[in-house]
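Please look through the structure below before reading on.

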Amino acid sequence: MGAIPGTGPSDAAPAVFEREPGDACQLRRGFEEEIAEIFRLIIPKGIGIELNTNRGNTPLPDEKWLRLYRSLGGEIVTLGTDAHTPGFVGCAVREGQALLRACGFRRFAAFRQGKPVWHEL
């Protein structure tokens, strides 16, 4: 099990996500129950989510959604930077770790051969 590939904001239905000029793609208001239902479906299956540090911009998902995921029992979270270029590899990972701690997580996962390798925060 692990994070769902191809489920980043750019892969989502346009009705759920919006992009303001110059801003990161953000979840529209009014979809809280739908996202909660998705979390309720994936969490028991051992499917996780990714905290994308977004090259130092607004993390995706942001604190609101990480807290919701955690409150519903979500535990599997990976960290990614969405680097695109070598200069952004690892960008804002420490800040992402701090955000995860603030949202109640004690560890994050990396995957090796399809199995989680846990890293304490």
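What share of the contacts in the protein with a separation of 6 or more comes from residues 24 or more positions apart? Such residues account for 59% of those contacts. The model is a predicted one.

The protein has three helices and six strands, and from the N terminus on its elements run β-β-α-β-α-β-α-β-β. Of the 121 residues, 32% are buried. The exposed surface comes to about 7,500 Å², and carbon and sulfur atoms supply 54% of it.

Just after H3, Gly 104 takes a positive phi of about 100 degrees.

The aromatic rings come next. A pair of aromatic rings is described by the distance of the centres and the angle of the planes. The structure holds two aromatic pairs. In one of them, the ring centres of Phe 39 and Tyr 69 are 5.1 Å apart and the planes stand at 70 degrees, so the pair is edge-to-face. Phe 39 belongs to helix H1 (residues 32-42) and Tyr 69 to helix H2, so this pair ties together parts that are 30 residues apart in sequence. Both Phe 39 and Tyr 69 are buried.

Tyr 69 also forms an aromatic pair with Phe 105, and this one is stacked, with 6.2 Å from centre to centre and 20 degrees between the planes. The pair links distant parts of the chain: Tyr 69 is in helix H2, whereas Phe 105 is in the loop between H3 and E5, 36 residues apart. Phe 105 is buried, as is Tyr 69. Through these ring pairs, Phe 39, Tyr 69 and Phe 105 are linked into a cluster.

Which residue lies over the face of Phe 105? Arg 70 does, at 5.5 Å from the ring centre. A further arrangement of this kind involves Arg 107, which lies over the face of Trp 118 at 3.6 Å from the ring centre.

Conventions
Residues numbered from 1 in each chain as written. Predicted model: local features only at pLDDT ≥ 70, side-chain atom pairs only at ≥ 80, totals over all residues. Heavy atoms only, no water. Helix = DSSP H or I, 4+ residues; strand = E, 2+ residues; numbered from the N terminus. Buried < 20%, exposed > 50% of the residue type's maximum accessible area, 1.4 Å probe, protein only. Contact = heavy atoms within 4.5 Å. Areas by Shrake-Rupley, 256 points an atom, 1.4 Å probe, with all protein chains shown as cover. Phe/Tyr/Trp six-rings, centres within 6.5 Å; stacked < 30°, edge-to-face > 60°. Lys NZ or Arg CZ within 6 Å of the ring centre and 35° of its normal.
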